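Trainee: I am new to this structure. Please take me through one part of it closely, and then show me what else is worth a look.

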Amino acid sequence: MNYEERTMKSNKIYEGHILSLRVDTVELPDQKYSKREIVEHVGAVGVVAITEDGQVVLVRQYRKAVEKSLLEIPAGLVNASEEPGLAAKRELQEETGYTCGRLDFMTEFYPSPGFSTEKIHLFLARDLVQGEVNRDDDEFLELESMPFEEALRKVYLGEFSDAKTMLALLLAKDFMEEVE
Ligand SMILES: [Mg+2]
């Protein structure tokens, strides 16, 4: 099936700092109408950062939306008119202090296309150099590094809850196995 939903009306409900919410009235293929609640999001980046000795640098952070402390890859929002690769380098540096000599794009995906425009760009960072951490004022994170293989095992054991982290680690395995 290949059809589009024509927007008949669009109502902005809320405009926030990182997202806005609109409700669209759409026309369906059978000419009936329905409503779509849509979260507009600026987009984000996530980075699998691998140290010289094969550790992956993860961050533990309290996520209010799910009321849990989650272990995730370093990640953050893409600034207006910022190129995703630059956002990835910036977020990695701000959250972990690391700069990277090599950054490979892995993939981009929609984490919740049922209701959100959010797109996440995933990168693999290597040739890391430790520098200074520079977090946002409202950002409290703890760094947790572990061998890459251990992180991968945790994906298969269901010990991560964050989808971008799981996908990124699985993809990173393939990227690192590629002949350089
Ligand atoms: Mg972040």
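Predicted model: local features only at pLDDT ≥ 70, side-chain atom pairs only at ≥ 80, totals over all residues.

Mentor: Ala75 belongs to strand β7, residues 75-77, and Glu95 belongs to helix α1, residues 84-96. The two are 20 residues apart in sequence, so the pair ties together separate parts of the chain. Check their surroundings too. Ala75 and Glu95 are both buried.

Next, turn to the aromatic rings. The count comes to one aromatic pair. Its members are Phe105 and Phe123, with ring centres 5.6 Å apart and planes at 70 degrees. Planes over 60 degrees apart count as edge-to-face, so that is the label for Phe105 and Phe123. This pair also links distant parts of the chain. Phe105 sits in strand β8, residues 98-109. Phe123 sits in strand β9, residues 120-130. They are 18 residues apart.

Finally, step back to the whole chain. The domain assignment gives domain 1 as 6-40. Domain 2 comes in two segments, 43-110 and 120-177. Taken over C-alpha atoms, the centres of domain 1 and domain 2 are 32 Å apart.

Terms used:
Residues numbered from 1 in each chain as written. Heavy atoms only, no water. Helix = DSSP H or I, 4+ residues; strand = E, 2+ residues; numbered from the N terminus. Buried < 20%, exposed > 50% of the residue type's maximum accessible area, 1.4 Å probe, protein only. Phe/Tyr/Trp six-rings, centres within 6.5 Å; stacked < 30°, edge-to-face > 60°. Domains from an automatic or database assignment.
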